[in-house]
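Trainee: I have a structure open and would like to learn how to read its features. Could you take me through a few of them?

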2 protein chains.
Amino acid sequence: MAGKDNRVTINDVAKMAGVSKGTVDRVLHDRGEVSPKSREKVLKVIEELGYKPNFYASILASQKKHRIVCVIPEYVSGDFWSLTARGVEESAETSSRFGVTVEVVTYDQYDVESFRHVCNRVLADLPSGVVVAPMFRVETLNFVKKLDASGVPYVYIDSKLEDDSYFAYFGMPMFQSGYLCADIMADGRSLEKILVVRIERDKMGYSDPTVARRTGFMEYMAEHCPGTDIVNVFIDPKNPDDVRRKLDEAFAGPSENMGVVMFNSRIHLVAEYIRERAFKGVRVVGFDALEKNLDALRSGHVQMLIAQHSDRQAAMAVNALVDNLIHGEPVHKKDNYTQMDILNRYNCDYYM
Amino acid sequence: MAGKDNRVTINDVAKMAGVSKGTVDRVLHDRGEVSPKSREKVLKVIEELGYKPNFYASILASQKKHRIVCVIPEYVSGDFWSLTARGVEESAETSSRFGVTVEVVTYDQYDVESFRHVCNRVLADLPSGVVVAPMFRVETLNFVKKLDASGVPYVYIDSKLEDDSYFAYFGMPMFQSGYLCADIMADGRSLEKILVVRIERDKMGYSDPTVARRTGFMEYMAEHCPGTDIVNVFIDPKNPDDVRRKLDEAFAGPSENMGVVMFNSRIHLVAEYIRERAFKGVRVVGFDALEKNLDALRSGHVQMLIAQHSDRQAAMAVNALVDNLIHGEPVHKKDNYTQMDILNRYNCDYYM
DNA sequence: GAAAAATCCGTGACCGTACACGGAAAAATT
DNA sequence: AATTTTTCCGTGTACGGTCACGGATTTTTC
């Protein structure tokens, strides 16, 4: 506890063990070429003296260059994946001090082929570690299997797959986030109808990370509000007219005491619609702290958001790899569920 | 953007500027003994080459030992200040790598004399930087004035005072947290009565950081729920009998549609009482993610908590000082308001 | 038992910076 | 003009590691 100032160095260990620092270094890095008994002795002395290598001397001396690549969906400024990218950017800065470069490569999340292509590029020039946000189940499994075979550690962010040789996972508990969302939507009020707004793609075969979220939501509703009418509305987010038409239809009936929810980050589309139509009293709940969503929160067109720090998530993913690469540290926890932040108009301005 | 691998070193700069690395070093650290024109030239070359000192070589070479002390109220495991202490502990670990030792000293927050004593001890053996959680206004101002005079940077955590030579502040926006709290308590329901449970000390002259929070709460209520009856209840937290008696009195009347709130971290006392009396339907809202409070959340005796990551807060405070001491970095922002986290039974388990 | 191979280990040159030391050049003094 | 003082700057060592290189021992081979 009492911080010792007399740091013990590799030379101290060497002297004490009656060998040279070269030998100590060899056992430290398991580089072989050390007789069992020297090894033994050095290890014992290290233990006794409580030797900790000087991190900085180490980095300085070993001019190793590690490279980490992050494979995430394409993004444009302000959307969900741009947050992740920002997190990567941030940790890249820190990591560069450690001689680790971090590289972001993106793929079209609606196009398997582009994902395959990116994977191949990564495999062609193997990095020291990989961070991947999986959208295509089979292809990702295939990808990571090859990484694993080459001894390249990989970590999942956002969502994970059911293999188990991943190095770590950082993401939101999807099911629970849906459950929580339902509670926020419904608790203490008796809603007659809830629109679940989904985007067309949901219907297709892609592995959509938000399905678990929807499941959580539905489960809560079934348990706590069996009487509430839940209506699915499918929209094409790229087509404003379509959005307007579909929502007009959905809002047509008796729109008293209604709720609207989306399980991806696009709730601002709904907010926009509601602003246009000047609807009052609709309870709108969504996910992710995109700037557009926060604006909707401020203007009162969205009541609540559930957010995660995807930037921090990404940063932690990268850092976990860096720690491992540089310091050989194992992960603290393999599965890291980041907190679910509930935002409303009164606390959103203090969200990062 | 494209990560350059060819880091430029102090030698490159020296060569380019036609001087020796010693001179470059002198201008880098403003150590004088450099002619204006050499200085000029070096500065220009640094600019051109985009030279960034190698952090690690720098730390390694300068064997400076910095010491930071954190002055916070005494704590026992599980209470509010223990969270802060934990954050300090964490950042202490990181900081030790930088040759910075972090030391925690505590005072009795109910005893000015103990605070004075601690301050004197700190002043007697000046550290390189100070983190302080102020509870006594006058004494703290006096303390920091002396620190300032000695050129020791200090940062406030938790709450800040109205001087302005502090290096930084990390804390929750107290007024807004009260405002938010009121919204969480009252929004969408029509409460008849709200008990504001306070501890005796509130009545005395101590500078209580939670007054701003209470003000925020009251302001919201005045604006949005003028009809709600707000009743102050003073308890002695150390005396369970007193708590029970006072709350019994407060709950005596028509206890339909009631709310209870506390502005410090002791809401678990109320939860305990409610559990004992097996009251139903009371809306209980409080602050801070103490283990006891989280338990109350899980068991349903508290509906909502507003939390802050006081550990992260403390860590950031220490880190800001470390960055400044080691790297001479100025603060990003002087006032750092940490986010206000809304916790209920469904997201509290993922809160760190 | 000598030669070849394998094993083990010490040496020393770095990594990029900080800073003490002492000397050269310029300025001030006499 | 000679001397002293001041200003300015280059040199060299240390910080605590990493790793290539080559030498010394030991083991294997024939």
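Trainee: Is A:Gln313 buried or exposed?

Mentor: Buried means under 20% relative accessible area, exposed over 50%, and partly exposed in between, with a 1.4 Å probe and protein chains only. A:Gln313 has 2% relative accessibility, so this residue counts as buried. Do keep in mind that this is a predicted model: local features need pLDDT of at least 70, side-chain atom pairs count only at pLDDT 80 or more, and totals for chains, interfaces and linings use all residues. Residues are numbered from 1 along each chain as its sequence is written, chains are lettered from A and ligands numbered from 1 in the order written, and side-chain values use heavy atoms, leaving out hydrogens and water.

Trainee: Where is A:Gln313 found, and which residues does it touch?

Mentor: Helices (H or I, at least four residues) and strands (E, at least two) are DSSP runs numbered from the N terminus. A:Gln313 sits in helix H13 of chain A, residues 310–327. Contact means heavy atoms within 4.5 Å; leaving aside residues up to four places away in sequence, A:Gln313 touches A:Ile157, A:Asp158, A:Phe170, A:Gly171, A:Met172, A:Gln308 and A:Thr338.

Trainee: In what order do the strands of the open sheet in chain A run?

Mentor: Two strands pair if DSSP finds at least two bridges between them. Here six strands are ordered S7-S6-S8-S9-S10-S12, with mixed pairing. S7 (229–235) and S12 (341–343) of chain A stand at the edges with a single partner strand each, so one side of each has no neighbour in the sheet.

Trainee: How do S9 and S10 of chain A pair?

Mentor: S9 (283–287) and S10 (304–307) of chain A pair in the parallel sense over three bridges. As one example, A:Phe287 has A:Ile306 in S10(A) as its bridge partner.

Trainee: Which residues come nearest to DNA strand C?

Mentor: A residue is near a strand if one of its heavy atoms lies within 4 Å of it. Of the 30 residues around DNA strand C, A:Ser20, A:Ser38, B:Ile10, B:Asp25 and B:His29 come nearest. H2(A) gives the most to this surface, with four residues.

Trainee: Which side chains lie 2.9 Å from a base nitrogen of DNA strand C?

Mentor: A polar contact is a pair of N or O atoms within 3.5 Å. A side-chain N or O atom of A:Arg26 lies 2.9 Å from a base nitrogen of DNA strand C, and B:Lys21 also has a side-chain N or O atom 2.9 Å from a base nitrogen. For B:His29, a polar side-chain atom is 2.5 Å from a phosphate oxygen of DNA strand C.

Methods
A polar contact is a pair of N or O atoms within 3.5 Å; within protein, one must be able to donate a hydrogen and the other to accept it, and residues adjacent in sequence count only if both atoms are side-chain atoms.
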